[in-house]
Amino acid sequence: MRRRRLPWQGPLPRSVLGVALFSVALTVPQWPDVVGRMEAAQSGTRSRIGMSDVRTVSAMTEQLSSMDDQFGGRTARPLAAAFLVNTVAPFLRTDGPEDVRRAMMSAASDLCYLTGYMAVDEGLHGLAQRYYVKALELAGASEDHLTYCTTLRGMSVQAVDLGQGPVAMRLADAAAASSPQAGPRMRAFLVGQQAHAAARIGDRRSALMYLQEAEVAMDKAESRGGKAFGSYAPASLSYHTSQVRYEMGDVHGAVAAMQESDRLRQSIYRRTRVKERAILAERQLAVGHLEAACRTWGLALDDYPLVDSGRIDKRMTDMFHLIRPHIRNHDAQALYERARETVRPGLVPA
């Protein structure tokens, strides 16, 4: 049987990506030591790995995730892929104590999940699936239930966005079942996605039940304080509320919930803010609020040049088509002309 190709195997343009990766390493605490361990792994001089190497992978994953949040998947994924090829894969092939090797597989699983999420943002769905599957394999091997269920949930998000409702529901249910001892914030993270998937397949009763469960869990999580898991916070729950209401035909309710999500969203999540503002504008237009939609699209355009995202580019293409029938309106015409000057040239209609 031919061995399946790993998503990070194959030649990479190191002359370009190496410089970019080094610049990411500068932001990690004690970066000279981090870069030294990277170089040792790439050159094959490491004979054993330790927990410091695991911490290197985790710290880099945090930095890459932050870049993705701010600048989009097209900017961050090549750096993540280079780090996987040049550093993490050699670490996984290097000997070490059993607990260290298990921790390294867990850290690698988390990075594979993140890289798959970035690929989804680019619109590279087949590649994203390969990263997700590798994340599941590594999470299973390291008995990392957290990353395992997080990855399944990510696959559900991908499926529901692609219109594959039944698949999204199965994956969301599997994610929830894989984390039976989840805390309240993690529970909200999981059942919020179940609510969206249930609404997509027309299961109104289950969607509302899951949404109520997510709200209760989020209230508990917020009352306890602490760091929001994977950025899942009240803004994220409001987003899921909007999606559920939209799927059930309550577009006005979907607009209100998305406005609340935008109000609550932290500024560091720039890519999400641009994407959700574009969605909000589409729904404002759908209920006949043309001027409000133009203002919201204008806010999305403010941040657009700083984000390189296939999902957002798709939303901008849709914007041109949606606005064109209203081009006689002063606000719509101003938005259309501004967008022609702002978005990437390949997206501008002839």
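## Basis of the model

Contact here means heavy atoms within 4.5 Å of each other. Helices (H or I, at least four residues) and strands (E, at least two) are DSSP runs, numbered from the N terminus. This is a predicted model, in which local features need pLDDT of at least 70 and side-chain atom pairs count only at pLDDT 80 or more, while totals for chains, interfaces and linings use all residues. Residues are numbered from 1 along each chain as its sequence is written, and side-chain values use heavy atoms, with hydrogens and water left out.

## Overall make-up

The protein contains 16 helices and 0 strands. Of its 350 residues, 53% count as buried, where buried means under 20% relative accessible area, exposed means over 50% and partly exposed is in between (1.4 Å probe, protein chains only).

The accessible surface of the protein is about 16200 Å², computed by the Shrake-Rupley method with a 1.4 Å probe, and for residues only the protein chains shown count as cover. Carbon and sulfur atoms account for 52% of this surface. Among contacts between residues at least 6 apart in sequence, 67% join residues at least 24 apart.

## Helices α3 and α4

Helix α3 covers residues 51–71 and helix α4 covers residues 73–92; their axes lie 9 Å apart and the packing angle is about 170°. Axes are lines fitted to C-alpha atoms, for helices over the stretch in contact, and angles run from 0 to 180 degrees between N-to-C directions. The angle makes α3 roughly antiparallel to α4; the classes are roughly parallel under 35 degrees, roughly antiparallel over 145, roughly perpendicular from 65 to 115, and oblique for the rest.

On the α3 side the contact involves D53, T56, V57, M60, L64, M67, D68 and F71, and on the α4 side G73, T75, A76, L79, A80, F83, V88 and F91. By class these residues are 11 nonpolar, 3 polar and 2 charged. Nonpolar covers Ala, Val, Leu, Ile, Met, Phe, Trp, Tyr, Cys and Pro; charged covers Asp, Glu, Lys and Arg; the others, Gly among them, are polar.

F91, in helix α4, is buried at a relative accessible area of 1%. F91 and R101 are 10 residues apart in sequence, with 8.7 Å between their C-alpha atoms. In the loop between α4 and α5 (98–122) lies T94, which counts as buried at 11% relative accessibility. The C-alpha atoms of T94 and I49 are 6.4 Å apart, although 45 residues separate the two in sequence.

## Helices α5 and α7

The axes of α5 and α7 cross at roughly 10° and come within 10 Å, which makes α5 roughly parallel to α7. From α5, S109, D110, Y113 and V120 make the contact, and from α7, T147, T150, T151, G154 and Q158. This contact of α5 with α7 has 2 nonpolar, 6 polar and 1 charged residues.

The loop between α6 (125–141) and α7 holds E143. Most residues other than glycine have a negative phi. E143 is not a glycine, yet its phi is positive, about 55°. E143 is exposed, with a relative accessible area of 54%.

## Helix α9

Helix α9 has 17 residues and runs 24 Å from its first C-alpha to its last, close to the 24 Å expected at 1.5 Å a residue. The expected span is 1.5 Å times one less than the number of residues. Of the 17 residues of α9, 15 are buried, leaving the helix mostly covered. Just after α9 comes G202, with a positive phi of about 85°.

Q193 sits in helix α9 and is buried, with a relative accessible area of 1%. Leaving aside residues up to four places away in sequence, Q193 touches R153, S156, V157, V160, A172 and H240. Q193 and V160 are 33 residues apart in sequence and 9.3 Å apart in space, C-alpha to C-alpha.

## Helix α11

Because 10 of the 14 residues of α11 are buried, the helix is largely enclosed by the rest of the structure.

The buried residues of α11 are A235, S236, L237, S238, Y239, H240, T241, S242, Q243 and V244. They pack against α7 (145–161), α9 (184–200), α10 (204–224), α12 (251–264) and α13 (270–286). Following α11 is G249, with a positive phi near 95°.
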